[in-house]
Amino acid sequence: MVSGSPYLQVSFFFLFVVSSFAGDPYVFYDWTVSYITASPLGDKQQVIGINGQFPGPILNVTTNWNVVVNVKNDLDEPLLFTWNGIQHRKNSWQDGVSGTNCPIPAGWNWTYEFQVKDQIGSFFYFPSLNFQRAAGGYGGIIINNRAVIPLPFGMPDGDITIFISDWYTKSHKGLRKDVENGVDLGVPDGILINGYGPYRYDPTLVKNGIVYQIINVEPGKTYRFRVHNVGISTSLNFRIQNHNLLLVETEGSYTVQQNYSNMDIHVGQSYSFLVTMDQNASTDYYIVASPRLVNSSDWSKVNGVAILHYSNSQGPASGPLPSLNDYDAYFSMNQARSIRWNVSAGAARPNPQGSFKYGDITVTDVYVILNRPVELVDGKQRTTLNGISYLPPSTPLKLAQQFKIPGVYKLDFPNKLMNRPPKLDTSVINGTFKGFMEIIFQNNDTTVQSYHLDGYAFFVVGMDFGVWTENSRSTYNKWDGVARSTTQVFPGAWTAILVSLDNAGIWNLRAQNLDSWYLGQETYVSVVNPEVDQSEVPLPENSIYCGILSSLQ
């Protein structure tokens, strides 16, 4: 039998923790990022590994710890890591996107240092430049509760991280060239689970010799599964044959605990489930990640399949995969609406989450952000938000702001689609410090898009099909909408979020779908504290300089 070892790993290599009585502990990691050879779908190809691992190591830390990651870039192109869902309080210097940091050149190393302040939950990191996530380089982040903050559920018997992703055998460089030239990515070559291809559930669809993932479990035990969609652009449905998924957390918020037989997980999203091993183990069980909200029969042939293996299992999994209606946007939207915030649970701080009554706060700014399919802008295939395709300047916005360099960006991102031709521009949202912003994402494309805001968790308060109007606010959930950092927007539909702009910095607002993001579907939110704040983290001593500031290097 060909199999992969279970991904129950915490990275103890290249790691040590320093604790002090006075402050919060420091945890140190050393990473070398390089191309390695792997065979996720049976044929050798180049992937991005960290310390020779694909996927990369898990950062396993606790609320308020300080994380120090020294990154050696052994790729042949510049590199940045971003920490999906980590808020970097008052410290966008560590955010690792083109608007906050100069890239780490090939052959260089650079050290990230950030605190996971007042956060708990399940997140992941990935390389943010040049379509590199399509080649790997991603890994998990676990932020544990401090000992004084109880979990809102019993301590699980084990903790299992699962990465699900669409996968192409073409290199990330080839994929980004296709996207630049207007070539559709098309059906992926496979769906990976923890970097492994599918179990051979159907010999007509899965060739022999593919290494697949086995998750070993004990009967009667309950495990926490942290599931991340780290893929390129495919929404995936996650399910475990004959087992319920008890949802307990998503992207740093404890949820109302509800059982699901399956869960749609969109690009860039993370969920935690408790799964109890309550079956008779007459056979192994399928763990499945399959494409969602696609309407071509070609997609049904592409499934990620791993194996759940009880220690007393009496035989291999066989027969058809647990079924699913392939294209049901209404089911998917109703499932998304059913996810609620657990307002009675303590999170990183002792106060109940519901003590922050977001429904009672006056909105100060409203942005209706509309996306469209790929279109020609200045003769190139581009994507837009409100008719603007983001043009990354050679000097990061955060450095331009720090050194008061004029002309690098404009604080004029429109709050709705303007009646003018689409254009390339470095246009940024001018956020009001401690303001309360309402953002409505209107998806005029034909595919699901997901959007992410760095630096914050926002409240998902509404979604529906059709065009958002002011009357749509009457449908908002003003009490227990879940707080998270990535939300899906269904095709021909809208999603509304509310966010309290209490974290000073310049923060990336982006499409998580790599093709949309790469072609210009992003902007930044500038949030400036008008008063001098001594606790705001200053320019790091190890800053890399580029663009207009190259002479400072």
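Helices (H or I, at least four residues) and strands (E, at least two) are DSSP runs, numbered from the N terminus. This is a predicted model: local features need pLDDT of at least 70, side-chain atom pairs count only at pLDDT 80 or more, and totals for chains, interfaces and linings use all residues. Residues are numbered from 1 along each chain as its sequence is written, and side-chain values use heavy atoms, without hydrogens or water.

**Stop 1: helix H1**

Select residues 172-180, which form H1. His172, Leu175, Arg176, Asp178 and Val179 are buried there (under 20% relative accessible area; exposed is over 50%, partly exposed in between; 1.4 Å probe, protein chains only). Look down the axis of H1: the buried residues fall within an arc of 155°, so they line one face of the helix. The arc is taken from the directions from the helix axis to the C-beta atoms. Now show strand E2 (26-38), strand E23 (380-382) and helix H4 (514-518), against which these buried residues pack. Then step to Gly182, which follows H1 and has a positive phi, near 80°.

**Stop 2: backbone exceptions**

Most residues other than glycine have a negative phi, and most peptide bonds are trans. Go to Phe54 and Pro55: the peptide bond between them is cis, with omega near -10°. Pro55 sits in the loop from strand E3 (45-50) to strand E4 (59-62).

Next, select Asn64, in the loop between E4 and strand E5 (66-73). Its phi is positive, about 75°, although Asn64 is not a glycine. Asn64 is buried, at a relative accessible area of 8%.

Jump to Lys434, in the loop between strand E26 (429-432) and strand E27 (436-443). Lys434 also has a positive phi, about 65°. Lys434 is exposed, at 63% relative accessible area.

**Stop 3: domain 1 against domain 3**

Color domain 1 (26-144), domain 2 (158-338) and domain 3 (358-552); the bounds come from an automatic or database domain assignment. The C-alpha centres of domains 1 and 3 lie 22 Å apart.

About 2800 Å² is buried between them, 58% of it from carbon and sulfur atoms. Buried area is the accessible area (1.4 Å probe) that two parts lose on being put together, summed over both. Select Lys90, Trp93 and Cys102: they supply 29% of the area that domain 1 buries against domain 3, more than any other three residues.

Finish on Lys90 and Asp533, whose side chains form a salt bridge (3.1 Å, N to O). A salt bridge here is a side-chain nitrogen of Lys or Arg within 4 Å of a carboxyl oxygen of Asp or Glu. Two salt bridges are counted between domain 1 and domain 3.

Conventions. Contact means heavy atoms within 4.5 Å.
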